[in-house]
Amino acid sequence: MTISREQIHQQLLSQCAAFSHLSRVLTLNGPQSLERQEADKLLPYLSRAVAGQQLSVNAAKTIWGRVETLCQQHGSLHAVLVDEQYEALRTCGLSNAKVKTLLGINRALNDGTISAQIYHSDDADFITKQLVQLWGVGQWTAEMALMFFFALPDVWSAGDVALARGLNLLAEKEGVAAEKILQAATPYRTYLALHIWQMLDANLMVE
């Protein structure tokens, strides 16, 4: 049975009711949304995620805009992420390491290195293992894909600096260990992450 975002929001509010500061953040943010993407969107999703790593938002947009121009010239992203376009991708502003990663992702999706079962799986460990086997794709990238591509509801990225900062700030306000908040939010830790990112963006700090 599909649970609506409003039902998940109410459940999260109920589970976290003991934490007044977090409850206020949840209420101010309101229901959050996750939507699983179509299989043919995995290549562009992963490619853009890799291309934008360790860059400002504006720099990432500029570089990806150049890649999209290449795609228009050659017909598709699949046609661009090949060895023959290596130098063209470098001129877009991508590092050697990122070009190598992107070519590897395209190859893995084409030759079956990444199992097609991931598109129908809700097993976070299985999906993660499929993704991190690729050169240049790490745990953080896989966790972001679990959240934003596969829309799994109970993912927490311990290595995300912003999430760690936001969680620790909430835990300090509540006077509890951070783990207590994560336990209370299970099995909706992805939604907790969305709330924390939004909390930081909007500076929703309580008195």
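The points below go from the overall fold to single residues.

1. Basis. This is a predicted model: local features need pLDDT of at least 70, side-chain atom pairs count only at pLDDT 80 or more, and totals for chains, interfaces and linings use all residues. Residues are numbered from 1 along each chain as its sequence is written, and side-chain values use heavy atoms, with hydrogens and water left out.

2. Overall fold. The protein has twelve helices and zero strands; helices (H or I, at least four residues) and strands (E, at least two) are DSSP runs, numbered from the N terminus. Along the principal axes, the C-alpha atoms fill a box of roughly 60 × 35 × 25 Å. Of the contacts with a separation of 6 or more, 62% are between residues 24 or more positions apart, where contact means heavy atoms within 4.5 Å.

3. Burial and surface. Of the 207 residues, 44% are buried; buried means under 20% relative accessible area, exposed over 50%, and partly exposed in between (1.4 Å probe, protein chains only). The accessible surface is about 10,900 Å², and carbon and sulfur atoms hold 50% of it. Accessible areas come from the Shrake-Rupley method with a 1.4 Å probe; for residues, only the protein chains shown count as cover.

4. Annotation. An unreviewed UniProt entry lists residues 51-201 as "domain: HhH-GPD". UniProt positions are in the numbering used here, feature names are shortened, and annotations may be inferred rather than shown by experiment. The span is 66% helix and 0% strand, with its end C-alpha atoms 23 Å apart.

5. Core. The largest nonpolar core has 65 residues, among which Leu 131 and Phe 150 touch the most other members. Helix 12 (residues 189-202) gives the most to this core, with seven residues. A nonpolar core is a set of buried Ala, Val, Leu, Ile, Met, Phe, Trp, Tyr and Cys residues joined through side-chain atoms within 4.5 Å. Leaving aside residues up to four places away in sequence, Phe 150 touches Arg 36, Leu 42, Ile 118, Ile 127, Leu 131 and Ala 145.

6. Helix 7. The buried residues of helix 7 include Val 99, Leu 102, Leu 103, Ile 105 and Asn 106. The buried residues of this helix pack against helix 3 (42-51), helix 5 (77-80) and helix 6 (86-91). Gly 112 follows helix 7 and has a positive phi, near 90 degrees.

7. Asn 29. Asn 29 is in helix 2 (residues 20-29). Asn 29 counts as buried because its relative accessible area is 12%. The side chains of Asn 29 and Gln 198 are joined by a polar contact of 3.2 Å, that is, a pair of N or O atoms within 3.5 Å; within protein, one must be able to donate a hydrogen and the other to accept it, and residues adjacent in sequence count only if both atoms are side-chain atoms.

8. Ser 33. Ser 33 is in the loop between helix 2 and helix 3. Is Ser 33 buried or partly exposed? Ser 33 is partly exposed, because its relative accessibility is 49%. A polar contact of 3.2 Å joins the side chains of Ser 33 and Arg 5.
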